[in-house]
Amino acid sequence: MEVAERTHMLGTGGHLIDLPVDVTPRQGGAEPAGRQRLSDVARWYSADPGRLVVTGEPGAGKTVFAVHLVVRLLHARAATDPVPVRLAIRDLPPARTRRRWWGGLRTVGGFEHWLKDSLVKAYEVPEAAAADLVARRLVVPVLDGLDEMDPDDEEPTRASQALAELNAHQGVGGSAPLVLTCRGARYEELSARHAWLREATLLCVGGVDAEQARCYVNLRSDGRTSPMDAVVDAMRDGTAGGAVAEAFSSPFYLGLAFAVYGESADVAPPADGATAGEIREQLLARYVPAATRSANAAVRRARRSLSGDRTVWGRLREYEAERVHGWLERMAWAAEADGVTLGRVVGRPLTAVASVIVALAAAACALWVVPDAIRGLVPDHWWVHRENLATSLWIAVLVAFGMGRAHEAALCEWTPLASSERVRQPYPGWPGRLRKALLRAVSRNAVAVAGMGVLVLGAAAPFTAAYEAVPQPGWYVLGMVLVLSGCVIYAENTRFVAYTDRRGLIACVLVPLFFWPVAWAFAEVHPLLRAVCLLPFVTVVLLLWHRGVVPGIALLSGGGAVVLGWSRASLAPSGGFESGAEVGLLAFYVFACGFLTPGSGPRVLDAVGRLRRRTAWLTRPVGFGLAFLAGVAGEAWLGFAGVVYVAVVATAAELAVGLATALTVLAGAALGRVPPSPGAFLAWAYHAGLLRVVGGEYQFRHRELQEWLARGPR
């Protein structure tokens, strides 16, 4: 994989510019010091891997050298040597200290946990094997982009914490080997704060001079005349006061210049009088159109070739430069904010609308067909609605809405634009892809569908005298545990799990205090009138939640307050299951406001993740048991027919997650926000040199290109 990535980044022929580097050996190290070449560093580092920090100016070739170093390490390693793995360190979450209930402190998370999870996620290594590899120090992390952990205009807090964790990554012989890349100015700033990688050799990659640029151009053009000859001559002659030499001293911009000037004779090199910054801006502005023309030409050549349909280009299509620029702009905006996911590129409001529409449509279609079919399979006296049909339908609609919001959260938070098999060869045919898609769909939905089946099975066990023998306090405890557990599961998201400031705490208190009396006042009116009266208030709260003013906990507790107001039930144990459920809601509300302090979301998520890993073997049996009990309780509350409605809606919405993704893409494509086939476009952009793959996910070819695109109009 890394060999293909190096070929992709260096272009045809793999022409690596052998840049000069200034080497500062670690204290007591045997590495040669002084001015060297990248090839020299790769040779002696591959023979004896240690700790290495690669610094330089933006576009100096740090990432390209990291990829080249991984390839050299893979070539030189023996069967028992560690395996180099390249990852983006900007995804490293900080280690967190949590306080135990007895007052003690414990640090959770950290670099090694992240490294293990990255092996599982990016390289599909089994979790047990990944943990063993990390524990035995059989992985050499090649970490790219320390300077990207913090915005340029903020203090490097996350980067300092990351360096502290990397320094604690020790092996049997001392500090474990790793490679780290960072911009020179940011690493100097960190060093001034007494944060640096201990026991590491420091490399400072130099720029490209005119002689190296001449060799590079001759290799790329096979010694023939090229428009780049004028650029190299301007670098050598010091044209425009040395601005040309300064602009093309970066390997990234020299490669951009070859893509812009060397591939098209109708584009003139930079004229005299332009500054280095203006020359680079011109290159960035012309790069996307030039890369688009080159990629489209490769597609056309592949189609004319006899074996073109079996190559990467033969399976791709052509794109217009303006559309490519617009799509990449939206990706750059998302990358500058919270990360590139399908939902963020399309837009959260549009993704939410598409997800909810699909969930409600799937629920409506399923309710139109499935309940009538099930009704013919069960005795007539089973098919009852304890409340009424309208209540069962209303609850089913709420379930469908919640499933739609869950789909929206998945598309926005947990669906990154990951690389597909389109970026590699050979690309499997339709049978293989269809088989893989079916297996993925079955594995994703089988457990959820089985859980809904167990829910209906529990409802099929009627509330007979055997259940009546259970005292009311028992049902009271059961209702409390079920509802409290459901709220905790629903709150497994940073948008729901904790408030972030004082406004969030005020909202947690005021929202339920407002909705409870309103719901209590309208408890006796028709359900449709209740919805009409509450709709304006709910709309305002949802808008405030979307803007981050109202936290998710306030939203959930407001819904619980509505239920409490409508029921008008006692909270005493004599109320049975319903009273216990209401107490469960109140308990979660008190827990949320009393223990989830501002900014505690990451700590709670980490605790939930550790608890899930340790009790993974209990998840399915306990989940099925709770589903059965929920079915029994639901039959007593809604009746068998009401439980069937809820189960049918939840199953239909879960199975429609693929349709939600498709509708999101279709809506985004109709508005010009994403291409009609995002996977094919991302593969095309990768091969066109606009994107790269790090840790199994797409990133921009260079941060300079991403920042330039992000500066475009929004």
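**View 1. Helices H15 and H16 pass each other in a right-handed crossing.** A crossing is called right-handed if the near helix is turned clockwise from the far one by less than a right angle, and left-handed if anticlockwise. This is a predicted model, in which local features need pLDDT of at least 70, side-chain atom pairs count only at pLDDT 80 or more, and totals for chains, interfaces and linings use all residues. Residues are numbered from 1 along each chain as its sequence is written, and side-chain values use heavy atoms, with hydrogens and water left out. H15 covers residues 348-375 and H16 covers residues 389-413; they pack at an angle of about 140°, with their axes 8 Å apart. That angle makes H15 oblique to H16 (under 35 degrees is roughly parallel, over 145 roughly antiparallel, 65 to 115 roughly perpendicular, and the rest oblique). Axes are lines fitted to C-alpha atoms, for helices over the stretch in contact, and angles run from 0 to 180 degrees between N-to-C directions. Among the residues making the contact are Ala352, Val356 and Leu360 of H15, with Ala396, Phe401 and Leu411 of H16; contact means heavy atoms within 4.5 Å. By class, this contact has 13 nonpolar, four polar and four charged residues.

**View 2. Here helix H4 packs against helix H5.** H4 spans residues 111-123 and H5 spans residues 127-135, with an angle of about 135° and axes 9 Å apart. These two helices are therefore oblique to each other, and their crossing is right-handed. From H4, look for Glu112, Leu115, Lys116, Leu119 and Val120, which meet Glu127, Ala130, Ala131 and Val134 of H5. Sorted by class, the contact of H4 with H5 has six nonpolar, no polar and three charged residues. For these classes, Ala, Val, Leu, Ile, Met, Phe, Trp, Tyr, Cys and Pro count as nonpolar, Asp, Glu, Lys and Arg as charged, and the others, Gly among them, as polar.

**View 3. The largest nonpolar core has 88 residues.** Such a core is a set of buried Ala, Val, Leu, Ile, Met, Phe, Trp, Tyr and Cys residues joined through side-chain atoms within 4.5 Å. Buried means under 20% relative accessible area, exposed over 50%, and partly exposed in between (1.4 Å probe, protein chains only). Leu52, Phe248, Leu328, Trp684 and Leu690 have the most contacts inside this core. Helix H12 (residues 276-304) gives the most to this core, with ten residues. Leaving out residues up to four places away in sequence, Leu328 touches Val288, Phe681, Leu690, Leu691, Phe700 and Leu709. A second, separate core of 28 residues includes Phe111, Val134, Leu146 and Ala200.

**View 4. Val232 sits in helix H9 (residues 228-237).** Its relative accessibility is 2%, so Val232 counts as buried. Besides neighbours within four places in sequence, Val232 is in contact with Ala210, Ala213, Arg214 and Val217. Leu254 is 22 residues away along the chain, and its C-alpha atom is separated from that of Val232 by 9.8 Å.

**View 5. Gln699 belongs to strand S13 (residues 697-700).** At 11% relative accessibility, Gln699 counts as buried. Not counting residues up to four places away in sequence, Gln699 touches Ala88, Arg90, Leu691, Arg692 and Val694. The chain has 30 helices and 13 strands; these are DSSP runs numbered from the N terminus, helices being H or I with at least four residues and strands E with at least two.
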